[in-house]
Amino acid sequence: MNENQIRVLGVLITNSQKEAGKVQYTLTKYGCSLKTRLGINIPDNKAGLMILELTGNTGEMDYLQNALEKLEGVQVKSMVFD
């Protein structure tokens, strides 16, 4: 586990009105892994895009990423810098 790893997640919520509560619950549950959170509303598509910078140990980052990936209507892409 690399404690100095920088991981950035792009999270697309395809129906933000329907899925936002599940995403928010997940982010709160794993909130210790969040360093930076940026939300972008896409009103024409009723979608939302979030950019998340993660912090902490990589195991905790994995838990958050995996939990988000399991949510219906949510797409997750990651960038990892060692």
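At 8% relative accessibility, Thr58 counts as buried. That places Thr58 under the 20% cut-off for burial. Keep in mind that this is a predicted model.

Thr58 belongs to helix H2, which runs over residues 58-69. The helix has twelve residues and spans 16 Å between its first and last C-alpha, close to the 16 Å expected at 1.5 Å a residue.

Which residues of H2 are buried? Thr58 and Gly59 are, along with Met61, Leu64, Gln65, Ala67 and Leu68. An α-helix has 3.6 residues a turn, so residues three or four places apart point the same way. As for what covers these buried residues of H2, the elements in the table are included.

| Element covering buried residues of H2 | Residues |
|---|---|
| Strand S1 | 6-13 |
| Helix H1 | 16-29 |
| Strand S2 | 34-42 |
| Strand S3 | 47-54 |
| Strand S4 | 74-81 |

For a sense of distance, take Thr58 and Val76: the two are 18 residues apart in sequence, and their C-alpha atoms lie 17 Å apart in space.

Now for the surface. Ile6, found in strand S1, is partly exposed, with a relative accessible area of 40%. Together with Met79 and Phe81, Ile6 makes a nonpolar surface patch of about 290 Å².

Terms used: Residues are numbered from 1 along each chain as its sequence is written. This is a predicted model: local features need pLDDT of at least 70, side-chain atom pairs count only at pLDDT 80 or more; totals for chains, interfaces and linings use all residues. Side-chain values use heavy atoms; hydrogens and water are left out. Helices (H or I, at least four residues) and strands (E, at least two) are DSSP runs, numbered from the N terminus. The expected span of a helix is 1.5 Å times one less than its number of residues. Buried means under 20% relative accessible area, exposed over 50%, partly exposed in between (1.4 Å probe, protein chains only). Contact means heavy atoms within 4.5 Å. Patches are made of residues with over 30% relative accessible area and no salt bridge: like charges are joined within 9 Å, nonpolar side chains (Val, Leu, Ile, Met, Phe, Trp, Tyr) within 5 Å. Accessible areas come from the Shrake-Rupley method with a 1.4 Å probe; for residues, only the protein chains shown count as cover. A salt bridge is a side-chain nitrogen of Lys or Arg within 4 Å of a carboxyl oxygen of Asp or Glu.
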